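Good morning, everyone, and thank you for making the time. Please look at the sequence and the model together while I talk.

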Amino acid sequence: MGTQRAYLPVRLERHWVLVDATAVVEVMGSLEWLPVPQAEARMPGVCAWRGRALAVVDLRRLLGIPSPVSTVSPRTLILDTPSGHLAAPISEARAVIWLEEERLRSVHATSLPYMRAELDDGEAVMPVLDLPALLSALTGGR
Amino acid sequence: MAHELGRALASERGSIGSDDYLVVPSTHAAFALQFADVLRIGVPREHSELPLVELHRVLGAAPPPEPRGARVLLLRSGGAEVGLVVHGRLTTLAARAVQRVNLPVSLVRSPSVVALLLQENRPCALVLERRQLIRALLSHYFSSTTASVHKESS
């Protein structure tokens, strides 16, 4: 049996993606954030988490998923990244699943950017988010 | 301090410390300035000789849907004064009632916003930094003045 890794299925509007669960510190419930004037559209604001201000990352915009503008998110991922903690509003999350890496295949069915692999469970194809690549694009190597 | 609101705030200063906040509503978010940064509060017609710029223009935010009840927050810029025009109901926030947390500036870069105020762990206002705000205000004022001079001369 191969090595298993934990993934969090996350929905962004109508798209489901898998996120490396080791990068997820917490899945928050409804969370309000404040837009910061003249901030970059991909990091449009800040929210409060454990008495700190976290940058809000707009995953939908980064992935090119159209969505209505809202400063209240039904669910928010708190991500632990080399740049610090980030808050990523999402539509929904499900229970963590464990997968052997052999079950993942290279990307060919999804058109979303920043995906490193896909899971085809016979019913649907779920891409795996390449978080390091996405963060690198976001921070521009800062 | 000719204006009624200015007098009201002056009378409150007995209980409001210089580190407390004056909160300005906007279509974008609520913005807060520390009382120590605001010299006086007036109305635009009384300060027409000063550089006056609306807050939403300085911040690049959407204008208020029904701009009315304009006030001017007079800020000291070196030896002179500049005026920030704001709309809506001004309120106060005691520093002891809020938690101030700095923005993660390596990720969220905004010319004038430096911190977030939390009230009962919820974000309630973005803190404007006086010097950066004045720099942005003057930059906007002179660029719009230059544009209008060019328009008149052409």
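Predicted model: local features only at pLDDT ≥ 70, side-chain atom pairs only at ≥ 80, totals over all residues.

Let me begin with one pair in chain B, where B:Glu129 forms a salt bridge with B:Arg131, the closest N and O atoms being 3.4 Å apart. By salt bridge I mean a side-chain nitrogen of Lys or Arg within 4 Å of a carboxyl oxygen of Asp or Glu. B:Glu129 is buried, with a relative accessible area of 19%, whereas B:Arg131, at 57%, counts as exposed. For these words the cut-offs are under 20% relative accessible area for buried, over 50% for exposed, and partly exposed in between, with a 1.4 Å probe and protein chains only. Salt bridges can also share partners, and in that way A:Arg11, A:Glu92 and A:Arg94 are joined into one network.

Residues are numbered from 1 along each chain as its sequence is written, chains are lettered from A and ligands numbered from 1 in the order in which they are written, and side-chain values use heavy atoms, with hydrogens and water left out.

How many salt bridges does a search of the whole structure find? Over all chains, that search finds 14. In one of them, the side chains of A:Asp20 and A:Arg5 meet at 2.9 Å, N to O. A:Asp20 lies in strand β2 (residues 15–20) of chain A and A:Arg5 in strand β1 (residues 4–12) of chain A, so this pair ties together parts that are 15 residues apart in sequence. When I say strand or helix, I mean DSSP runs numbered from the N terminus, with at least four residues of H or I for a helix and at least two of E for a strand. Of these two partners, A:Asp20 counts as buried at 17% relative accessibility, and A:Arg5 is partly exposed at 32%.

A further salt bridge in chain A brings together the side chains of A:Arg60 and A:Glu13, at 2.7 Å from N to O. This pair links distant parts of the chain, since A:Arg60 sits in helix α1 (residues 59–63) of chain A and A:Glu13 in the loop between β1 and β2 of chain A, 47 residues apart. A:Arg60 counts as buried, at 11% relative accessibility, while A:Glu13, at 25%, counts as partly exposed.

Now to the place where the two chains meet. Here 21 residues of chain A are in contact with 26 residues of chain B, contact meaning heavy atoms within 4.5 Å. Between them the chains bury about 1,900 Å², 66% of it on carbon and sulfur atoms; buried area is the accessible area (1.4 Å probe) that two parts lose on being put together, summed over both. Which residues form the one salt bridge that the rule finds across this interface? They are B:Arg122 and A:Glu32, whose closest N and O atoms are 2.4 Å apart. On the side of chain A that touches chain B, the elements giving two or more residues are β4 (31–35), β5 (45–49) and β6 (52–56) of chain A.

Let us turn to chain B as a whole, which has three helices and 10 strands. Of its 154 residues, 42% count as buried. Among contacts in chain B between residues at least 6 apart in sequence, 57% join residues at least 24 apart.

Some of the strands can be followed one pairing at a time, where two strands pair if DSSP finds at least two bridges between them. Strand β3 (residues 40–42) of chain B runs antiparallel to strand β5 (residues 71–77) of chain B, joined by three bridges, and B:Arg40 stands opposite B:Leu74 in β5(B). Seven bridges then join β5(B) to strand β6 (residues 80–86) of chain B, again antiparallel, and B:Val72 has B:Val85 in β6(B) as its bridge partner. The hairpin of β5(B) and β6(B) has two residues between the strands, and in this hairpin B:Gly78 takes a positive phi near 65 degrees.

I will finish with A:Pro66, which lies in the loop between α1 and β7 (72–73) of chain A and is exposed, with a relative accessible area of 71%.
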